[in-house]
Amino acid sequence: MSLWKSTTLPSEPLPDPDPYADEPSALAAFAGPRERALEEGIWSLGDADLLAIVLGSGLVGTPVTLVSAALLARFSGLEGISRLGPHALAEHPGLGLAKALRIAASLELGRRAFERAARPRPPVRSSASIAAWCAAHLGPLDHEQMWVISLDGRNGMRGARRVAQGGLHGCSVAARDILRAALADAASALVLVHNHPSGDPAPSPEDMLMTDAVVAAGDVVGVPLVDHIILSPDGHYASLHDLGMISRGEAKPAAAERAPLPRRARASRRA
């Protein structure tokens with residue numbers, strides 16, 4: 001005798017359960033979405049809770065979670081909401097144009113984040129490619145800036161962040177601030193770039209000391225410094241990697257003891 005009981009199957013297929021869907025009647029029984037986002041993580045919230053955080057407040061006598069759930073139900077979820085403009089959203093009870101703009105802006109940020117994450121990262125194949133990319137940003141400046149170029153495991157550019165800004169003759173930044181910027185981009189390696197508005201891209205003793213400090217700090221946290229590039233306004237640049245001034249596990253003389261190289265040997269023309 002079979003242990004399975006016969007039953008009548010529904011004529012229509014059952015919908016797939018949505019793990020991020022919220023039951024409006026059950027929302028009021030839980031702690032607020034902001035509290036749960038902090039305690040459990042933002043990823044654990046359903047669509048209505050996330051939308052409630054964006055809205056911020058509901059109506060008199062109606063919690064914001066119920067307003068957000070009703071909005072999702074009216075427009076068939078996030079897909080329907082994403083097809084509406086701010087003016088159409090503002091017609092929903094409890095919204096108004098300001099809250100409708102918050103929703104539209106949040107959806108646009110998500111769309112841009114997805115688009116940029118899927119975009120191929122430009123490969124960094126040489127010091128010349130970094131110099132060419134940075135020349136437009138740093139070349140015309142009349143003051144010094146230092147940037148961190150974060151690389152992934154395939155030498156693709158994960159990000160570029162300005163970490164310091166100074167005057168005509170220099171800028172000050174600690175190695176920990178440089179590594180913090182690279183770690184924020186989940187970098188596998190990094191390149192330092194800064195400009196010399198004076199016109200001479202030759203590395204100064206201070207530049208070499210900074211390079212040594214970042215090399216040592218990067219080796220500790222597993223994010224190596226692969227190059228330090230110095231740009232001048234006329235398009236010339238110096239690469240400390242190409243010049244053999246970046247090395248690991250070797251005894252190196254102090255910056256003041258290093259024999260200065262001829263200026264033309266240190267300054268390479270940007271390709």
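Guide: Happy to! What covers the buried residues of helix 9 includes strand 1, strand 2, strand 3 and helix 10. Here contact means heavy atoms within 4.5 Å, buried means under 20% relative accessible area, exposed over 50%, and partly exposed in between (1.4 Å probe, protein chains only), while helices (H or I, at least four residues) and strands (E, at least two) are DSSP runs, numbered from the N terminus. This is a predicted model, in which local features need pLDDT of at least 70, side-chain atom pairs count only at pLDDT 80 or more, and totals for chains, interfaces and linings use all residues. Residues are numbered from 1 along each chain as its sequence is written, and side-chain values use heavy atoms, with hydrogens and water left out.

Visitor: Within what arc do the buried residues of helix 9 fall?

Guide: The buried residues of helix 9 are A175, I178, L179, A181 and A182. R176 and A184, on the other side of helix 9, are exposed. Going by the directions from the helix axis to the C-beta atoms, the buried residues line one face of the helix, because they fall within an arc of 155 degrees.

Visitor: Which residues does I178 contact, leaving aside neighbours within four places in sequence?

Guide: In soluble globular proteins, nonpolar side chains tend to be buried together. I178 is itself one of the buried residues of helix 9. Its contacts beyond those neighbours are M146, V148, V163, V173, L190, L192, M210 and V214.

Visitor: Is G159 buried or exposed?

Guide: G159 lies in strand 2, residues 157-165. Not counting residues up to four places away in sequence, G159 touches V148, I149, S150 and D185. With a relative accessible area of 16%, G159 is buried.

Visitor: How far apart in space are G159 and D185, C-alpha to C-alpha?

Guide: D185 is one of the residues that G159 touches. The two are 26 residues apart in sequence, and their C-alpha to C-alpha distance in space is 6.4 Å.
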